[in-house]
Structure formats: C-alpha cells, structure tokens
Amino acid sequence: MNTPFDAARLANAAIARLRAYDPGHDLPALRRRFGAQIAELGSNENPLGPSPRALEAIRAAASEVFRYPDPRGAALKAALAGHLRVAADRIALGNGSHELLMLLAQCFADPEHSIVYSQHGFAVFPIAAAATGAQALCVPALPREHPAAPFGHDPVAIAGAVREDTRIVYLANPNNPTGTWFDDAALAALLASVRRDVLVVVDEAYHEYVDAPGLSTALNLADRHPNLIVTRTFSKAHGLAGLRVGYLIAYASVVGVLERLRESFNVNGLALAAAEAALGDREHLQRTYEFNRSERVWLHDRLAERGYACLPSQTNFLLVDLGRDAAALERHLFERGVIVRPMGGYGLPQTLRISVGRRAENERLVRALP
Ligand SMILES: *Cc1c(COP(=O)(O)O)cnc(C)c1O
C-alpha cells in the first residue's frame, strides 16, 4: 500500500478541469494572532451582525437540534411568500444561495449545452458550469473606462452571446466583486431578447443595499418571463453568513425540477428559525441599510482623500482600483491586521475588494494605508 494513489486521475471529466476554491487567508489563525486588533473587511459580512430576534430564535431552536429539520422549510417559505408576495411553490431554499446556483446548473445543463456569464462575475458561476461539463461562455466585461459600470456586466453583449445550445445565463446584479449594476430597463431588454428556453438567473445577493435610480429587482419582471430565476441570500444584509441559508424565486415548474435533486435536509433547523426571525425584523434591516449607505460614503471619501479610486457601488463593499498590481498593498494591510480581498482570481489583479465594516474597522484600514 505504499504506491501513491492519484485519485485526481479518476475524477470525472468535468471535475478534472476544476481547481479547488481558494478560501483566502486562514481567518481563525489570524483572529488568534491579532485578537481584537483585526479588521475583517474581506467577506462582505454585515458588521452590525444579525437581528437580535434571529439570535433569540437560534437559542430557542437549539434544544431541537437532535431532530431533523423540516425538509420542506414550510414556515420560512410561507414567511418569504408573504414578504415577496409570491406563491410559496415558487420558492426554493438552499444551504446558502451558492448551493442553489450549483443546483440550477446540475438540474438544467448537460455537456452538450453552454452556460453564459460575464467576465469578473461571481466566482460560483464558472464552477457551476464546470460541474456539469457544459461549455462556459465568458462574455467580456465593460471596459475600465466605462463611466457607470467599470469592469461591470454588459447586458447587451451577454444577450448577444446566447447560442442555440445555451441553457443558462448567470448574472449578478449588483455584481460581486465589482459592486457595479445595470438598471431594470437593461434587464428587461435582455430578457426580451433571449428565448424562453434559456434560464436567466439573476443573483441578487446585495439587493437589500440597493438604492440607485432605475434599479429595483428582477422580480418585477417575473410574471412576464417564466424563464427568470432570482436568487437571494441571508448571508449579507441579514447577517447570517455562518448559518448558510439562501433562496430563489422561480416559476413553479423550475422549483419542481430542483426539488428532485435537492438534498432533503439542506437547510438546517437553526438556519430556518433564524432566517424567519430575521425576515420579520424590518427595523434591523433598515438600520443595516442606512448604516451601510452612510458608512460606504465615509469610507469612499477617506479612500479618495488618500488617492485611492473606488468603483461605483450598490453593495456593502468597495472595489479599489489601484491601476497597478495590488498584491503589495494587500500584503501591507495584512501585516497590520487589516484583511481585504485580493482580486487576482477574478482577473482584476490591480484591485482590492474592501467590505464596509464597523467605523472602528474602517478607521483602522484608513490608518494602515501607506
Ligand atoms: C455573497 C454572495 C452570495 C451569497 O452566497 P451564500 O452562499 O448565500 O452565502 C451569492 N452571490 C453573490 C454574488 C455573492 O457575493
């Protein structure tokens, strides 16, 4: 048994072409090293934390963890249905929206299909495509010089990239890591120009932070386009990233297909309870929204004063465009306990993504800048 066993040679064709996700810095180790002096600005989490009602719901649900959770997630779905004014059979729940994005590709794409997404789009889209063996069609992003959405999605080019064999189009609006967005009219035009048998997946992970004129939600177009799917998450504005819960809204028959492959207990009991409670706390969400809006401006202005240019953002992070390789700056901040996200993996090595943190963390970042 001492001959090396190379399981990579046995991986299926799609997985053989994949690389494991780069999880970034070892945060538990960094927390031990820097203690309270760390500023965690790398993962777009809510610096205010979750709603106190969500924490209370977790405590109440804790004694039930010996039981399996509700496999239907019926209470959370009913709460979402009421909140979004859609029928509950149009909602699917996921172990984070990441799981749902993967599940969509697994359920709807084969190796003979193609999947369209944008350059500098969310990292999960190419992984979801690769997992199915479908051909990935990566559409060039808008140029750096674009006034409204530098490096952002180009909805016209995306629509133009759809082929006969295309099954899925993935979009993130607003997008991570750029923070940029396109408006409702651009999405309506895109939907009007693609065939009904192409599923258009709009990832709205940052929806709760949006306030730009002309930008609302893709959900407003759902009645006209049964091929439209909108994904959301409790990881960002709701502050529940650690519990892993997301959802999507789709035509009921789309949800029906996903249900065939979905793991029966994919969302755990604590997550179901916390998400339902978080959804009911509109005050906490409003506080989160207002804090982010004003703090993002503060951070943007401090960065600008120091000569750092940021892309426009409708999210809880800023993408700083250095115009030169950003690795040295990332290292400099890291050595001072300020954790930001390098973007080489997204094809943007001259940029850093910085989450809007608590004021003390944002100040620590600004002080640490060279
Ligand atoms: C953070 C993020 C998600 C959320 O992922 P979860 O699995 O729900 O935590 C989805 N899409 C984008 C674009 C994101 O930035």
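Predicted model: local features only at pLDDT ≥ 70, side-chain atom pairs only at ≥ 80, totals over all residues.

**Entry 1: the ligand.** I listed what surrounds the ligand: Gly 96, Ser 97, His 98, Phe 122, Asn 176, Asp 203, Ala 205, Tyr 206, Thr 233, Ser 235, Lys 236 and Arg 244. Sorted by class, this shell comes out as three nonpolar, six polar and three charged residues.

Next I looked at distances to ligand oxygens. Thr 233 puts a polar side-chain atom 2.6 Å from an oxygen atom of the ligand. Ser 235 also has a polar side-chain atom 2.6 Å from a ligand oxygen. For Lys 236, I noted 3.1 Å between an N or O atom of its side chain and an oxygen atom of the ligand. How much of the ligand's accessible area does the protein cover? I got 92% of the 390 Å² that the ligand has on its own.

**Entry 2: the seven-stranded sheet.** I traced the strand order of this open sheet as β2-β8-β7-β6-β5-β3-β4, seven strands with mixed pairing. Which strands sit at the edges? They are β2 (91-94) and β4 (135-139), each pairing on one side only. From one strand to the next, the twist averages 20°.

I then zoomed in on the β4 end. Strand β3, residues 114-118, pairs with β4 in the parallel sense, and I noted five bridges there. One residue I looked up was Tyr 117, whose bridge partner in β4 is Cys 138.

**Entry 3: the four-stranded sheet.** I found another open sheet, with four strands in the order β9-β10-β13-β12 and antiparallel pairing. Its edge strands are β9 (309-310) and β12 (341-342), and each pairs on one side only. Between β9 and β10 (residues 317-321) I noted two bridges, with the strands running antiparallel. Which residue in β10 stands opposite Cys 310? It is Val 320.

I also checked the helix here. Helix α11, residues 282-305, lies across β9, β10 and β13 (351-355), and runs at about 15° to β10.

Entry 4: I went looking for cis peptide bonds. The bond from Asn 173 to Pro 174 is cis, with omega near -5°. Asn 176 and Pro 177 are also joined by a cis peptide bond, with omega about 15°. Where do the prolines lie? Pro 174 is in the loop between β5 and α8 (184-193), and Pro 177 lies in the loop between β5 and α8 as well.

Last stop was His 120. This residue has a positive phi of about 60° although it is not a glycine. I placed His 120 in the loop between β3 and α6 (124-132).

Conventions: Residues numbered from 1 in each chain as written. Heavy atoms only, no water. Pairing = 2+ DSSP bridges. Axes fitted to C-alpha atoms, helices over the stretch in contact; angles between N-to-C directions. Near = heavy atom within 4 Å. Polar contact = N/O pair within 3.5 Å; in protein donor to acceptor, adjacent residues only side chain to side chain. Areas by Shrake-Rupley, 256 points an atom, 1.4 Å probe, with all protein chains shown as cover. Nonpolar A, V, L, I, M, F, W, Y, C, P; charged D, E, K, R; others polar. Contact = heavy atoms within 4.5 Å.
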